[in-house]
Amino acid sequence: MTRFVFCILFLFLCVFMHSQEGLPELLKKAKKFIFIEFFIIEPGFMWNTILYILREKAKQGVEVKIIYDSLGSISLSSSIYEKYLSSLGIQAKIFLPFVPILDTGLNNRDHRKICVIDGNIGFTGGINLADEYINEKIKYGHWKDTAILVKGDAVWRRKFPQSLCGLLV
């Protein structure tokens with residue numbers, strides 16, 4: 001039996017946030033689980049929008065797991081924020097907690113940007129969950145980036161959800 005892989009390339013971030021195939025709308029449709037792994041998660045419009053949806057989905061019984069890098073998301077990298085997410089029903093893991101000493105492991109960061117919804121919808125690309133990536137905040141000038149939306153069997157075949165499953169036991 002031949003299986004087809006359905007992929008769509010999103011060229012601009014406004015599509016990532018503000019379309020029927022954008023991340024918030026697809027998160028709202030989750031029935032079983034949402035796995036998220038991002039280098040940068042920063043408070044603001046984008047993260048607050050996503051967090052609200054994740055909290056609502058957790059209340060509905062959807063399994064929600066997040067991994068974020070401690071250095072990339074330094075403003076959220078305290079155990080207090082991790083406990084806050086847990087209080088919302090979200091399993092959170094800080095990747096390689098930052099310790100302010102000179103260490104050869106300092107550059108071993110988690111630069112992945114991945115979202116998997118119900119095992120059949122996946123996002124990956126160069127974007128992070130921060131306002132400058134959707135031009136809500138101008139930090140480095142007008143920002144353009146890409147993300148790929150993958151649907152179907154290709155999501156699990158890509159094997160990126162396995163890192164999330166293994167780290168959040």
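Which residues have the most contacts inside the largest nonpolar core? They are L27, I34, W47 and L54, in a core of 32 residues. A nonpolar core here is a set of buried Ala, Val, Leu, Ile, Met, Phe, Trp, Tyr and Cys residues joined through side-chain atoms within 4.5 Å. Helix 3 (45-59) is among the elements that supply at least two residues each, and helix 3 gives the most, with seven residues. Another core, of seven residues, lies apart and includes F33, F35, I114 and A154.

Please keep in mind that this is a predicted model, in which local features need pLDDT of at least 70 and side-chain atom pairs count only at pLDDT 80 or more, while totals for chains, interfaces and linings use all residues. Residues are numbered from 1 along each chain as its sequence is written, and side-chain values use heavy atoms, without hydrogens and water.

Helices (H or I, at least four residues) and strands (E, at least two) are DSSP runs, numbered from the N terminus. Strand 3 (residues 63-69) runs parallel to strand 4, joined by six bridges; pairing requires at least two DSSP bridges. Within this pair, K65 stands opposite Q91. The two faces of strand 4 are as follows.

| Face of strand 4 (residues 90-95) | Residues |
|---|---|
| Covered | I90, A92 and I94 |
| Uncovered | Q91, K93 and F95 |

In a regular strand the side chains alternate between the two faces of the sheet.

Finally, D118 sits in the loop between strand 5 (114-117) and strand 6 (121-125). Its phi is near 55°, a positive value in a residue other than glycine. D118 counts as buried because its relative accessibility is 12%; buried means under 20% relative accessible area, exposed over 50%, and partly exposed in between (1.4 Å probe, protein chains only).
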